[in-house]
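User: I am new to reading protein structures, and I would like to learn how to look at one feature after another. Could you take me through this one step by step?

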Amino acid sequence: MSSPIRLYMSMSLDGFIAGPDDRPGQELGRDGGRLFNWLDDLKSDGPSGQVYREALATGAVISGRRTFELADRWQGDHHDGVPVLVLTHHVDDGDVPPGHARFVTDVEECARQARAAAGDRPVMVHGAGAAQALLRAGQLDEMEIHLVQVLLGDGRRLFDHLGGDHIELDLVRRLDDRDVTHLRYQVRRPGEAA
């Protein structure tokens, strides 16, 4: 598969990607930073370092609007000057995103632009809303879930508003490291056998 669109998301065992009350100034919610302790090993030669380097080798980013705003718009550059396509429901007149970012209101057009921009490299997806929209549209190819050994108990869930459709996944990679298991799933298309 060329230019797979791949979600990268740290998640607690009970399905939370941020603690409660995530907002500007507390972007990960209360105690949500716990989901990113594995990044202490980002420069290692181990699994977490490998996964981090793979994430930074992506050729484009799709982000949900809320994630983009909470990240202070990454000042227009998520990594290495790659295009950042921000999936949003609406764009205010005069709201021009900084640097390499641009707003896109149609999920399929967003996926098309991201694949074209990424060339032969994967596309990174950030944000629960963007991931769910891409899944519903049949445009999300893979999920790299960084499963952290904690129960947050409350906060923002990754798949709260996905809808009632049944989606099958195939586990294609599992990497265990200190305090995290990196799981890569391929999204099975309807009618596709295991």
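User: How do strands pair in a sheet, and in what order do the strands of the open sheet lie here?

Analyst: In general, strands of a sheet pair through backbone hydrogen bonds, either parallel or antiparallel. Here strands (E, at least two residues) and helices (H or I, at least four) are DSSP runs, numbered from the N terminus, and two strands pair if DSSP finds at least two bridges between them. In this structure, 8 strands form an open sheet with mixed pairing, in the order β5-β4-β3-β6-β1-β7-β10-β9. The edge strands, each pairing on one side only, are β5 (101-104) and β9 (169-177). This is a predicted model, in which local features need pLDDT of at least 70 and side-chain atom pairs count only at pLDDT 80 or more, while totals for chains, interfaces and linings use all residues. Residues are numbered from 1 along each chain as its sequence is written, and side-chain values use heavy atoms, with hydrogens and water left out.

User: Which way do β1 and β7 run, and how many bridges join them?

Analyst: They run parallel and are joined by 7 bridges; L7, for instance, has M143 in β7 as its bridge partner.

User: What is a nonpolar core, and which residues of the largest one touch the most other members?

Analyst: A nonpolar core is a set of buried Ala, Val, Leu, Ile, Met, Phe, Trp, Tyr and Cys residues joined through side-chain atoms within 4.5 Å, where buried means under 20% relative accessible area, exposed over 50%, and partly exposed in between (1.4 Å probe, protein chains only). The largest core has 31 residues, and those touching the most other members are I5, L7, I62, V125, L134, L140 and L158. The helix α4 gives the most to this core, with 6 residues. Apart from this core lies another, of 11 residues, among them Y8, V61, W74 and V86.

User: Where is W74 found, and what is its phi?

Analyst: W74 is in the loop between α2 and β4, and its phi is positive, about 50°, although W74 is not a glycine. W74 counts as buried because its relative accessible area is 17%. R73 is placed in the loop between α2 and β4, with a phi near 60°, and R73 counts as buried because its relative accessibility is 16%.
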